Amino acid sequence: MTGIDAILQGGLQGYLMVAFLLFALGLATVLLRRTLLLQFMGVELMLNAANVALLAFARFRGGDAQAMVFYLFIIAVAACEAAVGLALVIGLYRHRDTTDSDRAASLKQ
Amino acid sequence: MFITFALITLLGALGMLLQKNVIMAGLCMVAAFFGVAGLFVLLANPVAAALQIIVYTGAILVLVLFVIMMLNSHEEEKAQAPHPIQRWASVVFVSALAFGAVKLVLGSSGVKSLAASGEAMPQAMTLQKLGFALFADHLLGFEVAGLLLLAAMIGAVALTKRNL
């Protein structure tokens with residue numbers, strides 16, 4: 001399988017393409033939207049894109065179990081990030097009454 | 001099959017980017033995560049697919065939706081100042097990045113040879129294989145990950161408590 005056929009039929013290139021596009025969409029969400037919660041969701045999307053690329057490479061290297069271990073660690077870090085990040089959003093909402101990242105541009109109260 | 005799940009993933013992510021309502025954006029993200037889980041099944045990795053659904057759609061997204069409803073701000077607030085230059089610059093930057101990455105993947109001979117040599121479907125990942133790899137080689141990392149989760153939990157409680 002080569003070229004466009006590999007992308008459509010689910011070759012390695014197809015999975016990598018999905019991972020890149022997912023990463024680009026996550027990055028665009030972080031850059032274009034102003035709501036902190038949506039920016040946070042964009043970060044989660046980028047983490048997922050990395051996971052897709054990692055497990056695609058693992059499958060084409062004969063089902064490597066090490067990649068699965070790394071995937072587990074990435075998920076653990078993503079869960080930590082979700083808990084702390086959402087707590088920070090709630091803290092900001094309490095202090096400033098907003099979830100707009102543009103309105104949180106200064107460190108002063 | 002692959003193209004179906006890829007389209008579910010990418011359309012979910014695109015819906016999240018374009019959706020005005022934050023709750024609808026969260027639901028679009030659920031679609032994207034389910035698409036990614038489907039891709040993991042196609043990659044002979046049902047363990048990762050199950051974990052994806054349990055952790056991302058089960059835990060992280062429920063947390064996000066809880067916070068959205070708690071904060072009571074479902075629509076994006078009006079912009080304080082227009083940022084047309086930054087927005088266009090970011091669009092150009094992201095599309096250039098995506099284009100470059102796509103071109104790199106299609107032109108790479110290493111990726112091509114890896115795709116050809118690993119085309120045969122490997123044995124499906126099982127919890128047994130994962131357990132051997134995790135507890136034989138990465139025991140310290142596993143313990144550190146547990147500690148990190150505990151620290152994050154305490155940190156989240158400390159940050160949301162009103163007067164500590």
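The model is predicted. Chain A has four helices and zero strands, while chain B comes to seven helices and zero strands.

**Chain A**

- Along the sequence, the elements of chain A follow the pattern α-α-α-α.
- Just after α3(A), G62(A) has a positive phi of about 85°.
- The radius of gyration of chain A is 18 Å, whereas a compact globule of 109 residues would have one near 13 Å.
- Taken along the principal axes, the C-alpha atoms of chain A fill a box of roughly 60 × 30 × 15 Å.
- Of the 109 residues in chain A, 50% are buried.
- When contacts in chain A between residues at least 6 apart in sequence are considered, 44% of them join residues at least 24 apart.

**Chain B**

- From the N terminus on, chain B runs α-α-α-α-α-α-α.
- Chain B is more spread out than a compact globule, because its radius of gyration is 21 Å, well over the 15 Å that the globule rule gives for 164 residues.
- The box filled by the C-alpha atoms of chain B, taken along the principal axes, is roughly 55 × 45 × 25 Å.
- Buried residues account for 24% of the 164 residues in chain B.
- For chain B, 59% of the contacts between residues at least 6 apart in sequence join residues at least 24 apart.

**Helices α2 and α3 of chain B**

- Helix α2 of chain B covers residues 22–42 and helix α3 of chain B covers residues 46–71; their axes come within 8 Å and cross at roughly 175°.
- Angles over 145 degrees count as roughly antiparallel, and α2(B) is therefore roughly antiparallel to α3(B).
- On the α2(B) side, the residues that meet α3(B) include V22(B), M29(B), F33(B), V36(B) and F40(B).
- On the α3(B) side, the residues that meet α2(B) include P46(B), I53(B), Y56(B), L61(B) and I68(B).
- By class, this contact of α2(B) with α3(B) has 19 nonpolar, three polar and no charged residues.
- A44(B) is placed in the loop between α2 and α3 of chain B.
- The phi of A44(B) is near 60°, which is a positive value in a residue other than glycine.
- A44(B) counts as partly exposed, because 16 C-beta neighbours lie inside 10 Å.

**One residue in detail: V36(B)**

- V36(B) lies in helix α2 of chain B.
- V36(B) counts as buried because it has 30 C-beta neighbours inside 10 Å, and 20 or more is the cut-off for a buried residue.
- Leaving aside residues up to four places away in sequence, V36(B) touches N48(A) and V52(A) in chain A, and T9(B) and Q52(B) in chain B.
- V36(B) and L61(B) are 25 residues apart along the chain, and their C-alpha atoms are separated by 14 Å.

**Where the two chains meet**

- In chain A, 69 residues are in contact with 70 residues of chain B.
- The elements that give two or more residues to the side of chain A that touches chain B are α1 (3–9), α2 (12–32), α3 (36–60) and α4 (65–96) of chain A.
- α4(A) supplies the largest share of that side, with 22 residues.
- By class, the side of chain A that touches chain B has 45 nonpolar, 16 polar and eight charged residues.

**Helix α4 of chain A against helix α3 of chain B**

- The axes of α4(A) and α3(B) come within 11 Å and cross at roughly 0°.
- Angles under 35 degrees count as roughly parallel, and α4(A) and α3(B) are therefore roughly parallel to each other.
- Among the residues of α4(A) that meet α3(B) are M68(A), Y71(A), I75(A), L86(A) and Y93(A).
- Among the residues of α3(B) that meet α4(A) are V47(B), L51(B), V55(B), L63(B) and L71(B).
- The residues of this contact between α4(A) and α3(B) divide into 20 nonpolar, no polar and no charged.

Methods. Residues are numbered from 1 along each chain as its sequence is written. Chains are lettered from A and ligands numbered from 1 in the order in which they are written. This is a predicted model: local features need pLDDT of at least 70, side-chain atom pairs count only at pLDDT 80 or more; totals for chains, interfaces and linings use all residues. Axes are lines fitted to C-alpha atoms, for helices over the stretch in contact, and angles run from 0 to 180 degrees between N-to-C directions. Angles under 35 degrees count as roughly parallel, over 145 as roughly antiparallel, 65 to 115 as roughly perpendicular and the rest as oblique. Two residues are in contact if their C-beta atoms, placed from the backbone, lie within 7 Å. Ala, Val, Leu, Ile, Met, Phe, Trp, Tyr, Cys and Pro count as nonpolar, Asp, Glu, Lys and Arg as charged, and the others, Gly among them, as polar. The radius of gyration is taken over C-alpha atoms; the globule rule is 2.2 Å times the number of residues to the power 0.38. A residue is buried if 20 or more other C-beta atoms lie within 10 Å of its own, exposed if 12 or fewer, and partly exposed in between; C-beta atoms are placed from the backbone.
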